[in-house]
Amino acid sequence: MHHSLVLSEADGEYRGRGQLTANFSMETLPEAAATTDPPARTFSQVVFINIPHSYPPSSPITCRFTLNAAFQPHPRDWVGIFKVGWSSTKDYHTFVWVEAIHNAQGPQTETRQAVFKEYYLPKDEAEFYQFCYIDNTGQVRGASTPFCFKNPSEQNTESIADDDLLVITTQEQVEQSQREKAELQKQLDLMRAENETLKRALQMDQKDIDSFKEQNEQREAEKAQLVKEMDQMREHNEKLKHTLQLQMKENDHLKEEILIQRTKQMEIQKQISTEQEEASQSFMSSRSTLEKYDRAVMKINQMKEDREELKGKIEAQSDEIAKLKAKLREAERELSKTLDSFQLLQ
């Protein structure tokens, strides 16, 4: 821990810290108090005493403070631990209530204390904190010097460095620091150049990867297209094979039908030959039959003539009968007239 100037006297350091904290508190605390800004004199109504530079983080701590004679404490007053740089009284890390003194007589300027349990204390060793006394109205009545929480070994080392050492930076050290800074800057530039080279190489590799990826995707697309075409060809071949099987079955069926037709044709030719033989035989016998037919036709014609002749005779007889019937009716009428006349005569 280097400083341009470190005081060797503990009381001087304490006063310097107190002035620094007072200035800090005068500027920041009024902004975080209650609804109205309290006057600056209220900050000195409670004074914290004997505040060390650091506390051990794993043991209870006790802070001591005194009250101004004009300040009247309240049972709801409390002391909180705040991180340096706080802006509101609600930013406390932990707090304890102020112990009330009953039956107090006269001014209350005696020393009081507040005890904080170790499991409520902050765990961050890199931050600085301070005690603040808050009254029941939410106004800050006093603030301590900053402190931190560190182990005893670190506390002893820093105490020696802060209280007993006077560090002086020489020109040689400044030049050495500049040389080291230049060397570090050179290494940083080299690392930046290397980083740029690696970045460009990475970009080239990324371009190659993208190109390979694009080629791979194109090949995958072509492969998928070939697989699709192969599936289509396989399906087409299966259809052709099925069609060929059907055609072969149909050819077998046609062969069977042709064989059956040839058999039928042979049977028909055989039957035609038989019928031709029968026809030639029947043709020989048809002559006698034809003669018999002619004689029968002549006989039938003769019978027709005889029938016509008889029909004429019958018609002539019918006319004679009709005439005779007319004469008979005339005779009957004459007879009836004669009988009537006879009866009249009688």
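Q: Where is Asn50 found?
A: Asn50 sits in the loop between strand 1 (46-49) and strand 2. Strands here are DSSP runs of E with at least two residues, numbered from the N terminus. Quick background: this is a predicted model, where local features need pLDDT of at least 70, side-chain atom pairs count only at pLDDT 80 or more, and totals for chains, interfaces and linings use all residues. Residues are numbered from 1 along each chain as its sequence is written, and side-chain values use heavy atoms, leaving out hydrogens and water.

Q: Why is Asn50 called exposed?
A: Exposed means over 50% relative accessible area, buried means under 20%, and partly exposed is in between (1.4 Å probe, protein chains only). Asn50 comes out at 66%, so it counts as exposed.

Q: What is the phi of Asn50 like?
A: Asn50 has a positive phi, about 55 degrees, although it isn't a glycine.

Q: Why is Ser54 called buried?
A: Its relative accessible area is 5%, so Ser54 gets the buried label. Ser54 belongs to strand 2 (residues 54-55).

Q: What makes strand 5 an edge strand?
A: The open sheet has 4 strands in the order 5-4-7-8, with antiparallel pairing. Strand 5 (92-97) and strand 8 (140-143) each pair on one side only, and they are the edge strands.

Note on methods: Two strands pair if DSSP finds at least two bridges between them.
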